[in-house]
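The sequence and structure come before the discussion.

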Amino acid sequence: MRHHLYPPRRQDGARNKQRGRNGLYDELERDVLAAPKFAIDNASPIPENASAHSRVAVVHVSVSPHTSLVGDPVILNASPAVHPFVLAQRLTYLWDLFTTGVPMLDFETVTLYSLVIYAKDNQGATASQTILIQIEDVNEPPTFTGALAQGAQVTEIYIPEDIALGTAIYRATAKDPEEADLEFFISPVGSGFTIDSTGTISTSTVFDFKNETTSFSLVINVVDPGGLFTSGNLKVFLINVNNKDPILTCSLFNIENGILSVTSLNSTLHNEASVTLEEEIPIGKMIGRCQASDEDDLGDVSFELDPWNAYFAVDKQRGTVVTTSRLDVETPGFASVQAFSIKACDRDQRCAFIPVTVYIEGINDNSPVCDQYLIRFTRKEVIAKDTIVAKLLCHDLDKPPNLIRYAPSSGPIGFGQLFDQVPKAEHVIRVARELDYENPEAVAAGHIYEMRMSVFDDLHPLHTVTVTIIVEITPDNDFSPIFTASHYSFLVPETSGAFHRVGRVTAIDEDYPPNCVTYKITSGDTQVVQRFWIHPLSGMIELITQPDYESMKQYNLTVEAVDCDKVHPRTAVTTVTVDIGDENDEAPVCTPRLYKAVIFDSVVVGTNVNGFSLSCHDRDSQDFEMRFEMAYGNENHHFGFDPSRGSNTPKLIVKNPFNFESGADVRRQYHLVVHIIDDNLKYGKSTKPRTGTAIIDIYVIRASTPPPPTNAEQRKGLTIVYTAINTFKASDWYIPFIFTLMAIFFAGFVSWVCFLLWRYGNITACCQKMAKQVSKPRGIKYITGNNQKEKAITGNRSKKLEVLTETIVYETVFNGEAIDPVSGNVYEYNSRTGARKWKKTPRHQESSIYSLQRTYPFEELASLKIPTQG
């Protein structure tokens with residue numbers, strides 16, 4: 001259908017515009033133009049589910065002559081607000097209304113769309129047109145819901161093999177957009193499954209996992225009354241069910257007197273196995289091997305012992321029976337008869353088992369056991385002959401126990417040695433000769449004798465243990481250590497680092513061994529961080545950390561010497577004074593460490609930057625021993641310190657002016673790295689000066705300077721010209737009004753010029769006449785200052801006035817400087833008023849004081865009018 005829309009009425013108001021230099025305003029009127037017109041060809045109702053880019057309507061917009069549309073027509077106030085339509089331009093004033101596909105057209109959701117198309121021309125006229133779009137209902141195929149709604153993806157179902165006949169295994173659900181009755185079909189027919197009118201799928205036969213197919217592929221079709229259908233894929237898997245017990249077969253080994261025999265059993269015979277083993281067989285020794293089979297063929301049969309046994313275990317997967325612990329009948333609490341069952345079970349704990357009884361026999365397998373395997377005998381000198389130094393108490397755990405024998409293995413024991421065994425008591429060791437601590441033989445042996453005795457329980461020593469006997473002779477401690485000096489003094493420079501040797505202390509001990517002394521610092525190192533360490537054997541005192549003269553100038557240490565007597569040690573004490581030598585080891589520290597400032601480029605040389613000054617201190621130097629350097633960032637040497645040495649509070653000043661106009665200065669941000677060095681000595685020269693650092697960031701802002709006295713050279717560049725066209729209508733009322741006003745103004749201006757020419761036409765003759773009559777010059781001086789006017793007229797009663805002088809003096813403060821880009825001269829300027837003058841007066845500069853000398857008759861002096869500044 002075709003819809004036509006006529007433009008609404010439009011009211012044009014008058015607007016005022018300011019015209020002319022004298023504040024005249026003219027009222028303008030806009031002409032009335034016709035609004036845009038719509039012509040819409042709407043197609044027949046569009047079917048639902050239409051594809052994207054389907055044409056719905058054709059929109060034609062017509063406008064008045066000399067007008068044009070602003071942009072394209074747009075869709076406004078759509079109902080519903082979310083719609084799948086868009087306008088696409090085909091020709092200049094012709095647009096097609098297409099579908100976008102998002103959202104899809106659905107009759108069951110929206111049956112009618114209402115669109116308002118809006119257009120506007122360049123005169124501000126607007127128009128709109130409403131389009132109604134009818135959605136046509138289309139029969140759509142049904143769709144599955146649930147798992148079958150996934151389309152081509154196959155839905156899997158698992159059922160046990162022994163499922164009952166007629167059991168429902170799945171229900172297919174579907175819906176029809178038109179809500180019609182649906183029918184369900186299953187294929188292939190005769191697959192062992194059926195489906196009813198509600199979509200319920202049931203079994204129609206009995207399944208067996210081992211005899212038939214284990215999976216079935218089904219196609220489910222749902223059909224509406226119109227014959228449209230949707231298919232879904234379903235796959236049914238049979239689950240193997242465990243319903244039979246495994247069969248267990250085992251071969252068990254017997255070990256008696258070193259002879260191996262095998263016994264085989266089967267769980268179906270229900271026999272009990274009897275096994276004999278010897279003790280001390282290796283751990284992990286295999287004593288049986290079992291196998292199991294399961295008709296269900298699930299492949300997950302596992303082996304276990306029931307009950308659990310501490311000495312035997314069966315491999316869960318392979319069925320091998322092994323020992324897991326030592327079999328020792330002599331162990332207290334050990335049971336020589338072990339009973340358990342070997343079981344083979346599937347995952348549902350359907351099991352087969354064989355009872356087993358294990359008899360463990362004892363053998364001679366134990367070595368002798370002694371109460372002590374290390375016997376230490378210590379006594380002070382002198383040890384007498386026949387002194388008992390050790391008694392070996394050993395026994396055998398075998399049943400019955402064997403005879404224990406003792407024999408020397410190594411060391412000074414035996415016939416003709418320092419030690420021997422007591423006859424008829426081989427387990428007792430005694431001293432064969434007197435032992436003296438100072439005996440050279442004892443000194444050579446280190447006063448310690450070590451012997452080893454072998455203990456065994458058989459003529460053929462297969463099981464032997466060794467007992468070690470240590471005899472030590474100790475001296476009597478009769479003397480205390482004595483230091484070679486009662487007091488020690490040392491000097492250490494404060495720059496000395498770790499491991500620096502301070503000095504050595506020495507103590508003497510007359511006991512044997514001679515001078516066996518250890519040293520330690522007992523007091524005096526009182527700071528939190530320990531500074532000193534003494535070598536315990538040599539007595540050398542060393543630094544652990546670097547000392548600090550400013551923190552501690554002297555240390556008074558107490559050193560203790562201890563002799564080598566471990567039971568009753570003797571000691572000696574001495575004092576050690578360590579003086580710390582002062583050195584220049586600390587760098588100056590300034591505040592603030594980091595400073596930031598902003599200045600103008602017009603700042604005067606010598607100015608203190610924002611009143612900033614460093615405050616520096618040095619713990620080991622005087623304040624006047626510092627000097628300051630700009631290490632980095634001081635480009636063109638604009639900045640410096642005043643003073644640069646001999647003070648700890650220098651001021652940051654501007655040393656050289658900034659010159660951005662000539663290109664000498666480019667940078668505006670200065671990152672100054674200041675070094676503070678403490679080598680400004682009054683006498684001599686610093687050998688190890690220290691340097692501190694401060695950071696100063698300064699940003700220079702260009703001050704707004706007035707133009708120079710001379711114009712700069714014209715440079716090439718890009719000129720942008722803006723052209724504005726003023727249009728008017730000759731018929732408007734303000735046109736004749738403006739021309740009439742201009743004619744009146746021109747007539748008045750011509751009249752005023754004629755009056756001036758008539759009045760002052762003979763002014764030259766008047767001035768010459770006045771000069772002849774004045775006989776003596778008189779000075780008239782006008783001085784104009786800041787808010788002051790001073791007039792002085794000097795003269796006599798003569799009729800002649802020879803000189804008339806007018807002087808104007810300006811008291812102006814010039815607070816800025818700039819460089820003339822043409823002449824290169826420096827000029828000063830006032831940043832508030834814009835006044836300027838040359839800093840160094842060029843030859844061609846004119847004086848600001850000017851004089852006028854004329855001669856007037858005295859009578860005409862009264863009629864002479866000299867203008868003054870108001």
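## Terms and overall make-up

Two strands are said to pair if DSSP finds at least two bridges between them, and the strands are DSSP runs of at least two residues, numbered from the N terminus. The structure discussed here is a predicted model.

The secondary structure of the protein comprises three helices and 63 strands. Of its 870 residues, 36% count as buried, while the accessible surface comes to about 52300 Å², with 53% of that area belonging to carbon and sulfur atoms. Among the contacts between residues at least 6 apart in sequence, 64% join residues that are at least 24 apart.

## The sheet with order 5-11-10-7

Four strands form an open sheet in the order 5-11-10-7, and the pairing in this sheet is mixed. Strand 5 (46-47) and strand 7 (74-79) stand at the edges with a single partner strand each, so one side of each is left without a neighbour in the sheet.

Strand 7 pairs with strand 10 (residues 112-120) in the antiparallel sense, over four bridges. For Leu-76, the bridge partner in strand 10 is Val-116.

## The sheet with order 23-29-28-25

Another open sheet of four strands, again with mixed pairing, has the order 23-29-28-25. Its edge strands are strand 23 and strand 25, each of which pairs on one side only. On average, neighbouring strands of this sheet are turned by 30° against each other, direction ignored.

Within the sheet, strand 28 and strand 29 pair in the antiparallel sense over nine bridges, and Gln-338 has Val-358 in strand 29 as its bridge partner. Leaving aside neighbours within four places in sequence, Val-358 is also in contact with residues including Val-275, Leu-277, Phe-312 and Phe-340.

## Nonpolar cores

The largest nonpolar core has 28 residues, and those with the most contacts inside it are Leu-248, Leu-277, Phe-312, Ile-342, Val-356 and Val-358. At least two residues of this core are supplied by each of several strands, among them strand 21 (247-256), strand 23 (273-278), strand 24 (286-293), strand 28 (337-345) and strand 29 (351-361). Strand 29 provides the largest share, five residues. A second, separate core of 27 residues includes Ile-404, Val-431, Leu-435 and Tyr-449.

Ile-287 lies in strand 24. Because its relative accessibility is 4%, Ile-287 counts as buried, the cut-off for that class being under 20%. Not counting residues up to four places away in sequence, Ile-287 touches Ser-251, Leu-252, Phe-253, Leu-277, Ile-281, Phe-312, Val-321, Val-322 and Thr-323. Two of these residues, Leu-277 and Phe-312, are listed with those that have the most contacts inside the largest nonpolar core. From C-alpha to C-alpha, Ile-287 and Val-262 are 9.3 Å apart in space, with a separation of 25 residues in sequence.

## Pairing around strand 47

Strand 47 (residues 571-581) is joined to strand 40 (residues 487-493) by seven bridges, and these two strands run parallel. In this region His-487 has Thr-575 in strand 47 as its bridge partner.

Strand 47 is also joined to strand 46 (residues 554-563), here by nine bridges and with the two strands running antiparallel. Val-562 stands opposite Thr-571 in strand 47.

Methods:
Residues are numbered from 1 along each chain as its sequence is written. This is a predicted model: local features need pLDDT of at least 70, side-chain atom pairs count only at pLDDT 80 or more; totals for chains, interfaces and linings use all residues. Side-chain values use heavy atoms; hydrogens and water are left out. A nonpolar core is a set of buried Ala, Val, Leu, Ile, Met, Phe, Trp, Tyr and Cys residues joined through side-chain atoms within 4.5 Å. Buried means under 20% relative accessible area, exposed over 50%, partly exposed in between (1.4 Å probe, protein chains only). Contact means heavy atoms within 4.5 Å. Axes are lines fitted to C-alpha atoms, for helices over the stretch in contact, and angles run from 0 to 180 degrees between N-to-C directions. Accessible areas come from the Shrake-Rupley method with a 1.4 Å probe; for residues, only the protein chains shown count as cover.
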